[in-house]
Amino acid sequence: MAVFTGVLTLPLLAILVSMGQESVEWNHLAETVLGRYLTNTLVLVLGVSLLVLLMGVLPAWLVTTCEFRGRRILSWALILPLAIPTYIAAFVFYQGPEAAIPLLIQVRQRFGVDAFLLTEQVIRYGLLILMLAAVLYPYVYLACCSAFARQSRAVIEAARCLGDSPTRAFVRAALPMARPGIVAGVALVIMEVINDYGAVHFFGVPTLTEGVFRTWFGMGDKIAALRLAGIMMLVVAVLLALEQGLRGRARYVEADAGGIPLRRVPLAGAKATLAFLLCVVPVALGFLYPVVRLSHWAGLYFLSDAGGSFFPGGAALGRGFGLALVTAVVVTAMAALFIYAVRLRESRLRRFFGRVAGMGYATPGAVIAVGVLVVFGTLDRVAPPFLPLVSGTLFVIGFAYMLRFFAIPLQLSRAGLERIGKPLEEASRLLGHPPLRTFLQVDLPLLRAPLAAAGMLLFVDILKELPLTLILRPANFETLATTAYSLASEARLHACAVPALLIVAVGAVGLLVMNHWLQTSPTSSKHE
Amino acid sequence: MQKRLLFPLLAAFAALFPGGSLRADDELTLYTQRHYGFDDTVHQRFSEKTGIKIKVVKAAADELIVRLQEEGANTPADLYMTADGGGLDRAKKAGLLQPLVSALVEEKVPAHLRDPDGHWVALTKRARVIIYAPDRVKAGELSTYEDLADPKWRGRLVVRSSSNAYNQSLLASLIEANGAEAAEAWAAGVRKNMARPPQGGDRDQIRAVAAGLADVAISNTYYLGLMETSNDKKDLEAAAAVKIFFPNQEGRGTHVNISGAGIVKASKKADLAKQFIEFILSDEIQSLYAQGTFEYPVSETAEWSENQKRWGTFATDQVPFSVYGERNAEAVRLFNKAGWE
């Protein structure tokens with residue numbers, strides 16, 4: 001356990017240790033830009049968190065507990081925005097501020113410069129928050145769906161019998177019970193927002209992440225940059241601790257694990273239309289709009305004379321694809337082991353290890369990449385010469401992905417475990433089964449759905465991953481993401497739309513498969 | 001118990017990823033910041049001519065420096081290439097490059113565009129200019145970079161974020177020319193004159209001028225070249241609505257950034273690497289770049305593209321590029337103080 005966490009956190013520790021060293025620029029940063037970075041980061045985190053709750057929780061509730069026209073299609077379509085990388089969504093949504101230029105000019109002419117600057121800022125921040133929320137809300141939606149679906153009918157009906165309206169039953173019974181899931185989902189969203197670089201830079205909203213790169217690469221002060229990265233981890237840790245504190249000593253135990261499934265309430269007329277609209281808006285913003293835009297650009301590209309000349313070899317892309325697949329499977333297996341180890345003997349220390357192992361998700365990919373480079377570079381230097389070099393191989397990238405994304409299987413299965421609670425496990429142990437057998441025969445089957453889902457999510461996330469892949473990849477190694485990035489940095493938006501659409505297509509298929517697994521798993525109530 | 005499971009799994013993980021291919025003599029590995037699809041064409045030409053294959057790792061300049069440092073003597077890299085001069089200087093300071101001795105380089109590349117110790121050499125140039133809307137800016141109104149801080153431009157100027165290396169090296173050139181105090185005042189003045197907070201890339205600034213949001217933008221010329229030859233109708237219209245002005249022609253000349261390369265210290269193929277650099281400096285490839293990426297050739301005998309000829313000739317700032325590398329951190333500090341995001 002300690003060994004594994006050690007291996008996993010070595011690069012993060014390498015970063016943390018160097019934070020304590022003397023920094024030349026720290027005071028200068030604190031006096032000049034730190035305040036702005038923090039404010040921007042918090043504004044984005046709060047804005048996006050609120051929006052993802054709206055876009056994630058309500059549709060999840062409607063889709064799992066009500067029946068209306070289009071419900072079945074929407075229930076899976078609502079996941080699809082997760083297939084759109086934020087750096088691609090940024091290009092698409094930046095069309096907004098650009099399209100607003102004539103309006104802005106009008107405002108400037110009629111109401112003066114101050115009104116203009118205010119309008120400009122509202123449009124830009126608003127669109128950035130909307131865009132981030134529109135592609136990230138599925139984390140919350142997914143977590144809520146599985147939480148709502150497994151809430152036994154008994155609880156909701158008890159609430160109804162006590163005189164609650166459906167809305168009150170939702171607010172008083174369903175929502176509090178889904179809390180671990182909602183929190184897990186929002187935590188993932190917050191971490192994504194905090195370490196985003198491309199989108200915030202493009203929209204001119206510098207956050208702590210931009211500060212990290214600017215300080216490190218522009219000023220050459222690694223220590224100050226790492227301290228900024230440390231603040232980012234701190235922000236996440238504080239938010240999570242806050243939630244834990246608010247939750248107090250409450251524990252979540254499934255009252256009736258095999259309970260009677262919920263029967264969906266049929267909706268009709270205006271109610272059905274409203275439900276449909278509430279569910280369709282997030283999909284339209286986070287998936288349909290970007291896909292339509294990208295398809296339009298890709299179409300223009302193929303119509304032009306340059307069409308088809310740039311595309312990297314299928315072999316290179318195949319390797320990127322294979323890497324994502326293998327890493328997703330391995331990381332999920334590792335996470336299962338890790339959870340087992342933590343569960344084996346719960347202690348403060350082990351739970352702390354669990355937190356640390358998940359921190360990679362809140363760290364910018366480039367920072368992780370550097371930590372990994374340091375560790376493997378040192379390893380190669382001290383290793384006996386007959387051993388092959390590790391640096392520059394796919395193993396390094398795979399390891400870095402694990403570090404970066406370990407929180408996904410951890411969070412998803414942790415929420416699952418909390419809902420399973422201890423009774424089943426204690427029963428098994430009382431029957432004399434050893435811990436490993438208990439884990440394999442009791443916990444693991446119950447965790448199969450969250451783990452499979454996590455694996456698929458990992459696959460999609462790795463496929464979209466950019467900063468870490470760019471730094472660590474072996475020579476002549478291209479993924480769809482790096483190809484899209486190269487074209488975008490040349491501002492060849494039309495050509496860029498082709499690999500971007502491919503990422504979206506593969507990601508969307510992956511997500512649908514994941515959803516299918518979740519639906520047919522033994523822990524979810526399936527009644528199609 | 002868990003260790004028994006852990007190690008086989010780790011081993012399986014490792015076995016899935018075979019190491020990189022053994023180093024062959026007919027291969028060169030490039031660590032490059034340049035993300036241009038056009039570079040592949042040049043690499044292919046080199047391979048056809050010499051039989052040497054080019055392998056590439058593309059990432060940001062300073063990320064590649066970290067990678068070179070950590071890989072040390074084990075690095076597969078032979079050449080380090082950037083799209084901005086500052087990175088080359090930092091790689092040299094980190095002791096990652098080795099000197100290159102070549103008569104051809106000395107003949108083709110002006111002294112201020114290469115390292116005095118031969119650790120790196122410019123391969124192409126990019127001019128950072130003023131792009132303006134001719135219907136709203138009179139020709140006599142524009143003069144120097146310094147003038148852009150004048151209150152007459154209040155609310156009329158757009159420029160990208162100061163995190164961008166081109167802006168950092170422009171400010172470094174102003175520190176060199178006028179001193180730190182004046183440079184900070186300049187950055188603050190320009191920030192006040194901005195029509196909107198910095199956002200997007202150079203191309204988005206050109207679009208903003210074309211759309212009428214601002215009257216002038218600071219941008220590299222090649223972005224305009226790419227827009228002029230784009231297959232996007234919007235790009236063509238925007239490019240047609242603006243003009244290029246080369247600042248400081250009366251004085252020290254227009255600020256020019258470079259894209260260049262150096263041979264990695266740990267490389268055992270310095271001869272092949274030199275061959276590659278000399279190939280890129282040949283007039284044929286130099287003018288190919290002028291047409292493909294609209295960067296300016298460093299070789300004076302290479303032909304410019306039609307677009308570049310139309311923009312016109314200009315005098316360039318002759319300060320040795322290494323100076324900008326040294327002043328980069330100071331430039332970022334001044335940007336921070338001036339509030340230019």
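Modeller: What follows covers the interface between the chains, then the domain contact inside one of them. The model is predicted. Start with the extent of the interface. On chain B, 69 residues are in contact with 72 residues of chain A. Together the two chains bury about 6,100 Å². Carbon and sulfur atoms account for 61% of that area.

Which elements of chain B give two or more residues to the side that touches chain A? They are helix H1 (2-15), strand E2 (53-58), helix H3 (61-71), helix H8 (202-210) and helix H14 (322-338). H1(B) gives the most, with nine residues. By class, this side of chain B has 28 nonpolar, 22 polar and 19 charged residues.

Next, chain A itself. Chain A divides into domain 1 (25-285) and domain 2 (318-478). Their C-alpha centres lie 24 Å apart. Here 34 residues of domain 1 are in contact with 23 residues of domain 2. The buried area is about 2,600 Å², 65% of it from carbon and sulfur atoms. Zero salt bridges are found between these domains, while seven residue pairs are in polar contact, both at pLDDT 80 or more. On the domain 1 side, helices H9, H12, H14 and H15 of chain A each supply at least two residues. H12(A) gives the most, with nine residues. That side has 25 nonpolar, five polar and four charged residues.

Note on methods. Residues numbered from 1 in each chain as written. Chains lettered and ligands numbered in written order. Predicted model: local features only at pLDDT ≥ 70, side-chain atom pairs only at ≥ 80, totals over all residues. Heavy atoms only, no water. Contact = heavy atoms within 4.5 Å. Buried area = accessible area lost by both parts, 1.4 Å probe. Helix = DSSP H or I, 4+ residues; strand = E, 2+ residues; numbered from the N terminus. Nonpolar A, V, L, I, M, F, W, Y, C, P; charged D, E, K, R; others polar. Domains from an automatic or database assignment. Salt bridge = Lys/Arg side-chain N within 4 Å of Asp/Glu carboxyl O. Polar contact = N/O pair within 3.5 Å; in protein donor to acceptor, adjacent residues only side chain to side chain.
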